[in-house]
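Open the model in your viewer and keep the sequence panel in view. The stops below say what to select and what is there.

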Amino acid sequence: AGEDDKLFGSITSQMVSDELAEQGFTVDKKEINIADPIKTIGSHKININLGHELETKIKIKVSSSKE
């Protein structure tokens, strides 16, 4: 992340899917709906389509790692 807590890229549905998999949840990237590109640090809500007219929202927290 750079100045003003803006990311150099944006968070993708594949990144969210990979992180959920690390936590033990199987969610295909096609099921994840990110309405607006996530380009800032902080909390963001995204929709997940579970099929059969089931949909849920989850909150993700984007943070920077300083190395």
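Select E53 to begin; E53 sits in the loop between β4 and β5. Helices and strands here are DSSP runs (H or I of at least four residues for helices, E of at least two for strands), numbered from the N terminus. This is a predicted model, in which local features need pLDDT of at least 70 and side-chain atom pairs count only at pLDDT 80 or more, while totals for chains, interfaces and linings use all residues. Residues are numbered from 1 along each chain as its sequence is written, and side-chain values use heavy atoms, with hydrogens and water left out.

The phi of E53 is positive, about 60°, although E53 is not a glycine. Most residues other than glycine have a negative phi. E53 is exposed, with a relative accessible area of 84%. The classes are buried (under 20% relative accessible area), exposed (over 50%) and partly exposed (in between), with a 1.4 Å probe and protein chains only.

Is H52 buried or exposed? H52 is exposed, at a relative accessible area of 81%.

Next, go to N47 in strand β4. N47 counts as buried because its relative accessibility is 19%, just one step inside the cut-off of under 20%. Which residues does N47 touch, not counting those up to four places away in sequence? They are E31, I32, N33, E55, T56 and K57; contact means heavy atoms within 4.5 Å.

Now select I11, V16, L20, V27, I32, I34, I38, I46, I48, I60 and V62. These eleven residues make up the largest nonpolar core. The elements giving two or more residues to this core are α1 (13-22), β4 (42-51) and β5 (54-62). A nonpolar core is a set of buried Ala, Val, Leu, Ile, Met, Phe, Trp, Tyr and Cys residues joined through side-chain atoms within 4.5 Å. In soluble globular proteins, nonpolar side chains tend to be buried together.

Within that set, centre on I60. Leaving aside neighbours within four places in sequence, I60 is in contact with V16, I38, G42, S43, H44 and I46.

Move to M15, in helix α1. M15 is partly exposed, with a relative accessible area of 45%. Draw a C-alpha to C-alpha distance from M15 to K29: the two are 14 residues apart in sequence and 8.3 Å apart in space.

Finally, clear the selection and look at the whole protein. One helix and five strands are present, in the order β-α-β-β-β-β along the sequence. The C-alpha atoms fill a box of roughly 40 × 25 × 15 Å, taken along the principal axes. Of the 67 residues, 21% are buried. Among contacts with a separation of 6 or more, 29% are between residues 24 or more positions apart.

Colour by pLDDT, the predictor's confidence in each residue from 0 to 100. The mean is 88, and 97% of residues reach 70 or more. Confidence is lowest in strand β1 (residues 6-11), at a mean of 84, and highest in α1, at 93.
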